[in-house]
Amino acid sequence: MQNLTDQETKWVRKVWISYWYIIGVQFVAQLFSYLFLPYDAKVVEFYFYVLLYPTLKMSLTVSLGWVVNKAKHKYSFHTLLIAGTILAILIIKLNTDIRIISALFLLPIFVSVIFYRFRLTLFSAILQLVGFLFVYITDESYRNHLSNFDLVAIPCFLGLCTLLASIIMIRGRELQEALLHTMTAKQELMIQYAIIRKQAKMDSLTNLYNQASFYEHFDIAMAYGGDRSSSFFLALIDIDNFKAINDTYGHLVGDVVLSRVAKVIKETITTNDIAARYGGEEFALLLFETNFDKAIKLVETIRTAVSSLQHEEMAGTNVTISIGITSYEPAMSKEALFERADINLYKAKRTGKNRIVT
């Protein structure tokens, strides 16, 4: 028997608990019958032989079964069904005058259905047939209350219930597989949706946010600054002489340069910051939770790192960037903030490039 899953272990525990409920119900039913219904038994005979001694045997059966279950997990199912069969036999032997009492042999069969294992149900069915024959052979009172028809009908009834239990399990497995297929398909759709959504927001070359996504974050940043009266920083970065790079080395090399500059930006900014490819060779940064000196230091780190890169595709030459940066001030509009950063970038390009203007 293979190891139990966490769900199966949980249900095994529930069934053991239900066995204790059955013992309790049987105890109360016997006591109620003696106290309030005609009952042909003396006080000592009833309390010892009908109530206490059988209840003790049932309790001992369940307790021993639980101990085996805890000690030998791989036999949990078998122990559960054997204990359920013994429990059914004890109750049946105690109530042989109740014609329908033989239906208790169905208890372990129903228990086996919970775990959707056909071999377990077959084992339980064989166990119930053996239990029925045992009670029939060893208990004269039970035997006397059965007719010849009962002797044939009860095994047939157990076999029919086993067949129905098997059909239920087959149908349950079909539903389980259908549910699993639906969940898998749903997960695949969710993954595809996430990929498409990411592709819609990201620039495929640099793996930074695209311009549309940048404006979404820009609006959020403006609300952030307005609500908290806190400053953030907008930096615009432009690769110097990028048209000449494309004209001299080709657009494929230009794409390589863009990717490397983007990688430097991603590795330098913090997890709170936003970086986007704003245009062809232009990048936009939104820097949060920092002060002016730290913001300048961060973009200076980017500028220095980019200028120190040597590009083999360009015969080992370097590429530089120009940066315009400005801070948000309360009541400033989005257009005014962007225009100020763009003016600073323009100054950086006009006054020699490879520099930062604030």
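Q: Is Cys161 buried or exposed?
A: Cys161 is buried, with a relative accessible area of 11%. Buried means under 20% relative accessible area, exposed means over 50%, and partly exposed lies in between, using a 1.4 Å probe and protein chains only.

Q: What sort of model is this, and how are residues numbered?
A: This is a predicted model, in which local features need pLDDT of at least 70 and side-chain atom pairs count only at pLDDT 80 or more, while totals for chains, interfaces and linings use all residues. Residues are numbered from 1 along each chain as its sequence is written, and side-chain values use heavy atoms, with hydrogens and water left out.

Q: How many disulfides are there?
A: The count comes to 0 disulfides, where a disulfide is a pair of cysteine sulfur atoms within 2.5 Å. Such a link is a covalent bond between the sulfur atoms of two cysteines.

Q: Changing topic: what length should helix α1 have?
A: Helix α1 covers residues 6–36, and its 31 residues should span 45 Å at 1.5 Å a residue; its end C-alpha atoms are 45 Å apart, which agrees. The expected span is 1.5 Å times one less than the number of residues. Helices (H or I, at least four residues) and strands (E, at least two) are DSSP runs, numbered from the N terminus.

Q: Which residues of α1 are buried, and what do they pack against?
A: Among the buried residues of α1 are Val12, Trp16, Tyr19 and Ile23. The buried residues of α1 pack against α2 (43–71), α3 (76–94) and α4 (106–113), where contact means heavy atoms within 4.5 Å.

Q: How do α1 and α3 lie relative to one another?
A: Their axes come within 11 Å and cross at roughly 10°. That makes α1 roughly parallel to α3. Axes are lines fitted to C-alpha atoms, for helices over the stretch in contact, and angles run from 0 to 180 degrees between N-to-C directions. Angles under 35 degrees count as roughly parallel, over 145 as roughly antiparallel, 65 to 115 as roughly perpendicular and the rest as oblique.

Q: And what kinds of residue form that contact?
A: The contact of α1 with α3 has 12 nonpolar, 4 polar and 1 charged residues. Ala, Val, Leu, Ile, Met, Phe, Trp, Tyr, Cys and Pro count as nonpolar, Asp, Glu, Lys and Arg as charged, and the others, Gly among them, as polar.

Q: What about α4 and α5?
A: Helix α4 and helix α5 (residues 118–138) pack at an angle of about 175°, with their axes 9 Å apart. They are therefore roughly antiparallel to each other. The residues of this contact divide into 5 nonpolar, 4 polar and no charged.

Q: Where does Tyr116 lie, and what is its phi?
A: Tyr116 lies in the loop between α4 and α5, and its phi is near 55°, a positive value in a residue other than glycine. Most residues other than glycine have a negative phi. Tyr116 is partly exposed, with a relative accessible area of 32%.

Q: Last one: which residues does Lys353 touch?
A: Not counting residues up to four places away in sequence, Lys353 touches Asp240, Asn241, Ser322 and Ala348. Lys353 lies in the loop between α12 (334–350) and β5 (356–357), and at 26% relative accessibility Lys353 counts as partly exposed.
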